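Visitor: Please take me through how to read a cavity and a helix pair.

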2 protein chains.
Amino acid sequence: MTAINTNNTEFFAPPADSQERVSQFMKQLQDEICAGLEELDGEGKFREDSWQREEGGGGRSRILNEGALLEQGGVNFSEVWGSQLPPSILKQRPEAAGHGFYATGTSMVLHPRSPYIPTVHLNYRYFEAGPVWWFGGGADLTPYYGFTEDASHFHKSFKAACDKHHQEYYPVFKRWCDEYFYLKHRQETRGVGGLFFDYQDGKGSLYRGPNPDGIAGTYSKNLPELEPRNWEDLFSFIQDCGRTFLPAYVPIAQKRRNLEYGDRERNFQLYRRGRYVEFNLVYDRGTIFGLQTNGRTESILMSLPPLVRWQYSYYPEPNTPEAELYDLFLKPQDWANWQ
Amino acid sequence: MTAINTNNTEFFAPPADSQERVSQFMKQLQDEICAGLEELDGEGKFREDSWQREEGGGGRSRILNEGALLEQGGVNFSEVWGSQLPPSILKQRPEAAGHGFYATGTSMVLHPRSPYIPTVHLNYRYFEAGPVWWFGGGADLTPYYGFTEDASHFHKSFKAACDKHHQEYYPVFKRWCDEYFYLKHRQETRGVGGLFFDYQDGKGSLYRGPNPDGIAGTYSKNLPELEPRNWEDLFSFIQDCGRTFLPAYVPIAQKRRNLEYGDRERNFQLYRRGRYVEFNLVYDRGTIFGLQTNGRTESILMSLPPLVRWQYSYYPEPNTPEAELYDLFLKPQDWANWQ
């Protein structure tokens with residue numbers, strides 16, 4: 001390992017066309033995912049709303065409703081800039097204070113019709129602000145009726161994307177995902193997890209914590225420090241992660257799409273979708289921040305399910321598939337090595 | 001007006017049996033409301049869960065599901081104590097730091113089946129902590145299809161209860177309600193409002209702000225100072241407010257219960273229920289605090305509707321009853337004087 005000074009400005013400098021290259025990729029990722037999902041769905045088509053942000057920038061929101069396989073799917077691209085980052089981000093990146101910022105990203109949530117096909121979320125984002133830049137993102141899977149081989153396939157796909165770049169990425173980002181997507185008031189993970197990471201600037205700290213605003217779950221500490229990586233390395237990692245989504249998810253949806261289900265399974269799905277709402281509105285930093293500031297509400301809340309049930313004091317009967325979801329799937333598990 | 005020193009400990013001291021008297025009233029209020037609602041519903045019955053809190057105290061949660069008129073109704077009583085108040089409350093009441101606390105209250109949310117009958121919320125609570133005590137609470141109405149005479153009846157009922165005690169109560173607590181139950185990301189009030197107040201300790205400041213944690217909407221300032229009032233005065237005010245609920249709400253529900261409706265109205269109701277979820281999970285201090293600490297999740301989330309829809313970029317057609325809700329009812333209005 002070559003010793004690289006983390007103050008070496010030249011080593012860490014993004015290329016001159018960094019913003020253009022990342023936003024180009026983020027748009028392409030949105031295009032590829034929408035095309036892949038339309039093909040998967042077979043009937044539904046995305047419609048697009050372009051929007052502009054008064055303070056600078058804009059985006060294109062795409063939504064598919066009432067498809068054959070997807071009850072609702074939303075895929076957003078945005079590229080925004082402004083005079084300063086919000087305080088919650090500045091707390092984590094104080095070097096950015098007093099500087100303008102640039103941010104671009106793609107995010108997605110799918111709510112399939114069948115309770116046997118999991119809900120899935122993806123988000124990749126890139127920030128520049130004065131002397132600092134970083135990548136963040138991840139993807140995570142939320143089944144209603146769990147299949148260990150599906151959870152395992154999803155994790156193995158992302159582990160392979162990670163391992164191409166560094167052996168420490170998957171174990172750290174998998175754990176971070178389990179901890180971030182955690183509903184403290186239910187003592188449940190949101191689903192079977194996947195990857196989550198933030199503030200990746202190549203300077204060797206995989207984990208940037210502690211959680212700055214007390215909203216999400218507890219975070220890991222004592223993680224390994226890596227040798228520094230430059231901008232190109234990280235951008236390449238992000239691209240691989242982004243392009244892993246379709247092969248990680250589509251085979252699961254295909255395998256489960258023809259399983260028959262009835263009211264029992266549908267009701268359980270609608271009930272469990274309530275947890276998705278609870279997570280996004282109570283804990284998710286991006287959602288809360290977006291709503292409390294000046295985000296485009298309709299794009300932010302595209303993540304919410306089209307139909308949801310709440311039921312007082314519902315607990316599944318022991319030894320049912322519903323109980324198995326709680327007992328096996330809503331706890332951190334070593335899915336990449338599941339036998 | 002007699003000049004009363006606000007440091008006059010004797011004047012402000014609660015009676016020796018304050019906790020017993022207030023909790024007794026709160027239980028009775030729960031009983032009366034549940035009885036009144038069962039009578040209104042005609043079919044549904046409340047079932048009760050008693051629960052205990054490890055740190056001290058407990059409660060009784062009552063829920064009515066799938067009634068004739070009420071799709072769901074939850075009425076909670078609780079009485080809890082512990083070694084210290086949470087930081088968010090201590091910020092507002094620093095005199096309570098280092099002291100144990102006692103809190104009791106009754107809260108309720110009703111989700112009627114018919115889109116023509118409004119959802120309604122009520123909460124009254126009482127705290128003691130070392131040298132301080134205070135009352136808080138209120139009631140507010142959330143129509144799906146608005147009727148000005150219903151909004152007016154609800155407000156007039158609570159104004160009459162307030163006016164018995166002080167002319168300043170209604171205008172201040174009405175405005176506080178409009179500002180607290182406000183969805184900033186939608187630029188809508190939650191409904192037509194009612195009353196909301198907190199930290200009422202008789203010491204003359206009707207309004208206790210600013211909002212300590214940035215969660216709810218902006219708060220009023222520059223409110224009148226009242227002459228001090230003692231514990232008995234305030235408890236009597238709270239009792240009158242609590243007992244105003246049934247006569248404020250039941251006639252509205254009775255008047256609308258036989259209006260016919262179809263899929264259009266039902267779908268709009270389910271969509272608008274999403275706003276209730278958004279408010280309670282994103283802004284409501286009690287809900288967020290309860291979920292992030294050690295509250296009884298199932299009792300806290302009894303406020304969430306049994307069935308909810310989200311729909312991307314839905315806006316009502318102009319000149320429809322749905323548009324009228326937004327244009328007329330989801331803005332602060334002088335309902336007590338509506339002609």
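**Cavities and a helix pair**

Guide: By class, six nonpolar, two polar and four charged residues make up the lining of the largest cavity. Ala, Val, Leu, Ile, Met, Phe, Trp, Tyr, Cys and Pro count as nonpolar, Asp, Glu, Lys and Arg as charged, and the others, Gly among them, as polar. This is a predicted model, where local features need pLDDT of at least 70, side-chain atom pairs count only at pLDDT 80 or more, and totals for chains, interfaces and linings use all residues. Residues are numbered from 1 along each chain as its sequence is written, chains are lettered from A in the order in which they are written, and side-chain values use heavy atoms, without hydrogens and water.

Visitor: Which residues line the largest cavity?

Guide: A cavity is a set of points, on a 1 Å grid over the protein atoms alone, where a 1.4 Å probe fits but cannot get out; lining residues have an atom within 4 Å of a point. Here the lining includes A:Arg186, A:Tyr271, A:Trp310, B:Gln72 and B:Glu298. Three lining residues, the largest share, come from helix H7 (residues 263-283) of chain A.

Visitor: At what angle do H4 and H6 of chain A pack?

Guide: Angles run from 0 to 180 degrees between N-to-C directions, with axes fitted to C-alpha atoms over the stretch in contact. Helix H4 (residues 148-163) and helix H6 (residues 231-256) of chain A pack at about 160°, their axes 9 Å apart. H4(A) and H6(A) are therefore roughly antiparallel (angles over 145 degrees).

Definitions and conventions. Helix = DSSP H or I, 4+ residues; strand = E, 2+ residues; numbered from the N terminus. Parallel < 35°, antiparallel > 145°, perpendicular 65-115°, else oblique. 1 Å grid on protein atoms, 1.4 Å probe; cavity = no way out; pocket = protein on both sides within 12 Å on 5 of 7 lines; lining within 4 Å.
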